[in-house]
Amino acid sequence: MKKFSQLNLINNAVVSGTGEIINRFFESKYVTLYLNIPRYDYLRGKVLVSDINDLLDEEIKPYTLEELFQLLFEDLLKQIAYGDLLQNKQGSFDLKTMANFFMSNKEEIFISQRRTEQTWVQENPNLFTVSDKVISKKADIVEFPLRMLKKVALRGEVFLYDMAEVCPGLNLTLEESIAIHYCHVMKSIKQGNHDILRRILLNLKDY
């Protein structure tokens with residue numbers, strides 16, 4: 001079966017009848033994922049966490065960027081579970097729409113700069129034409145270790161498995177999906193989507 005993360009939990013995890021992962025003796029309930037995040041989005045997230053902590057009471061333990069990553073992904077999975085995210089025209093949750101969202105954002109997020117360069121191409125000894133060549137530059141990437149509950153990581157892999165069933169060509173890992181969703185949230189906040197910021201603050205109170 002296809003692997004959806006380096007952990008490969010969907011193939012290796014032992015799950016109880018209630019849906020909980022059975023952790024063997026001395027085995028942690030947590031796993032560590034290694035995410036690749038464009039440096040600009042990574043720094044924007046640290047600034048956002050600092051701003052959030054400034055809004056909270058001093059008695060509350062400061063939140064970290066790691067906790068923000070976890071909160072955003074868990075919130076995404078909850079929205080998917082309740083079917084209130086990216087609905088189709090019939091009002092039901094559409095896995096194809098979600099798969100297209102991730103794949104269309106994957107290249108955009110990890111390719112930071114594109115420019116078109118015109119070059120002369122010799123068609124024959126007497127004919128030269130101008131051709132447009134797209135020059136791409138990879139984003140400056142930061143590797144970010146994310147520690148999260150193993151059962152949440154498994155839920156994420158199951159979500160990817162469901163998308164792969166309706167989109168067999170899906171080329172996406174759990175690590176990439178978390179990073180893409182995080183970067184999308186950062187972009188939305190940058191564009192002035194304050195509803196997302198309010199949702200983050202509300203979720204943090206219960207986190």
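Analyst: Happy to! A search of the whole structure finds six aromatic pairs, where rings of Phe, Tyr and Trp (its six-membered ring) pair if their centres lie within 6.5 Å. This is a predicted model, in which local features need pLDDT of at least 70 and side-chain atom pairs count only at pLDDT 80 or more, while totals for chains, interfaces and linings use all residues. Residues are numbered from 1 along each chain as its sequence is written, and side-chain values use heavy atoms, with hydrogens and water left out.

A pair of aromatic rings is described by the distance of the centres and the angle of the planes. Planes under 30 degrees apart count as stacked, over 60 as edge-to-face and the rest as tilted. The rings of Tyr42 and Phe144 have centres 6.0 Å apart and planes at 55 degrees, so this pair is tilted. The pair joins distant parts of the chain, with Tyr42 in helix H2 and Phe144 in strand S4, 102 residues apart. (Helices, H or I with at least four residues, and strands, E with at least two, are DSSP runs numbered from the N terminus.) Both Tyr42 and Phe144 are buried, meaning under 20% relative accessible area; over 50% is exposed and in between is partly exposed (1.4 Å probe, protein chains only).

Phe69 and Tyr182 form a stacked pair, 4.1 Å centre to centre with 25 degrees between the planes. Phe69 lies in helix H3 and Tyr182 in helix H6, 113 residues apart. Phe69 counts as buried because its relative accessibility is 2%, and Tyr182 counts as buried because its value is 1%. Tyr42, Phe69, Phe144 and Tyr182 form one aromatic cluster.

Residues of H3, including Phe69 and Leu72, meet residues of H6, including Tyr182 and Val185; contact means heavy atoms within 4.5 Å. The residues of this contact divide into 11 nonpolar, two polar and no charged. Here Ala, Val, Leu, Ile, Met, Phe, Trp, Tyr, Cys and Pro count as nonpolar, Asp, Glu, Lys and Arg as charged, and the others, Gly among them, as polar.

Finally, the largest nonpolar core has 52 residues, and Phe69, Tyr182 and Met148 are among those with the most contacts inside it. Such a core is a set of buried Ala, Val, Leu, Ile, Met, Phe, Trp, Tyr and Cys residues joined through side-chain atoms within 4.5 Å. Elements giving two or more residues to this core include H2, H3, S4 and H6.
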